[in-house]
Amino acid sequence: SNASFAPEVIEIMTAAFEAAVAALPEPIHLSHIDILAESILRTADSGERDAAALERIALMELRLAQRR
């Protein structure tokens, strides 16, 4: 999508992304980072503005993707 976000929303998304990546076990795989980023972008685009919720949803989506 060509979503655009206000600077304050980008700050929230960045905080959520950094927290989600920090929660990953080592070694961190690029594919996991991609899933987290895509989830946060998609969830923020749908209107979510809580960093903790964005982080939780991204980590949950990553766990689900790993089960496939």
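**View 1. Helix α1 passes helix α2 in a right-handed crossing.** This is a predicted model. The two helices, α1 and α2, pack at an angle of about 150°, and their axes lie 10 Å apart. That angle makes α1 roughly antiparallel to α2, because it is over 145 degrees. On the α1 side, the residues in contact are Met13, Ala16, Phe17, Ala20 and Val21. They meet Ile33, Leu36, Ala37, Ile40, Leu41 and Ala44 in α2.

**View 2. Helices α2 and α3 also form a right-handed crossing.** Here the packing angle is about 130°, with the axes 9 Å apart. The two helices, α2 and α3, are therefore oblique to each other. From α2, the contact is made by His32, Ile35, Leu36, Ser39, Ile40, Arg42, Thr43 and Ala44. From α3 come Leu54, Ile57, Ala58, Leu59, Glu61, Leu62, Ala65 and Gln66. Several of these residues return in the views below.

**View 3. Helix α3 covers residues 51-67.** The helix α3 has 17 residues. From its first C-alpha to its last, α3 reaches 25 Å, close to the 24 Å expected at 1.5 Å a residue. Which residues of α3 are buried? They are Ala53, Leu54, Ala58, Leu59 and Leu62. These buried residues pack against two helices, α1 (7-22) and α2 (30-45). Leu54, Ala58, Leu59 and Leu62 are also among the α3 residues that contact α2.

**View 4. Arg42 and Glu61 meet in a salt bridge.** The structure holds 1 salt bridge. In the pair, the side chains of Arg42 and Glu61 come to 2.3 Å, N to O. The pair links distant parts of the chain: Arg42 sits in helix α2 and Glu61 in helix α3, 19 residues apart. Are the two partners buried, exposed or partly exposed? Arg42 is partly exposed, with a relative accessible area of 45%. Glu61 is partly exposed too, at 25%. Both residues belong to the contact between α2 and α3.

View 5. How far apart are the C-alpha atoms of Glu55 and Val21? They are separated by 9.0 Å. Along the chain, Glu55 and Val21 are 34 residues apart.

**View 6. His32 is a residue of helix α2.** Is His32 buried or exposed? His32 is buried, because its relative accessible area is 16%, under the 20% limit. Leaving out residues up to four places away in sequence, His32 touches Leu24, Leu62 and Gln66. Leu62 is one of the buried residues of α3. Gln66 is among the α3 residues in contact with α2.

**View 7. Thr43 is found in helix α2.** Thr43 is buried, with a relative accessible area of 10%. Which residues does Thr43 touch, not counting those up to four places away in sequence? They are Glu48, Leu54 and Ile57. Leu54 is one of the buried residues of α3. Ile57, like Leu54, is listed on the α3 side of the contact with α2.

Conventions
Residues numbered from 1 in each chain as written. Predicted model: local features only at pLDDT ≥ 70, side-chain atom pairs only at ≥ 80, totals over all residues. Heavy atoms only, no water. Helix = DSSP H or I, 4+ residues; strand = E, 2+ residues; numbered from the N terminus. Expected span 1.5 Å × (residues − 1). Buried < 20%, exposed > 50% of the residue type's maximum accessible area, 1.4 Å probe, protein only. Contact = heavy atoms within 4.5 Å. Salt bridge = Lys/Arg side-chain N within 4 Å of Asp/Glu carboxyl O. Axes fitted to C-alpha atoms, helices over the stretch in contact; angles between N-to-C directions. Parallel < 35°, antiparallel > 145°, perpendicular 65-115°, else oblique. Left-handed = near helix turned anticlockwise from the far one by under 90°.
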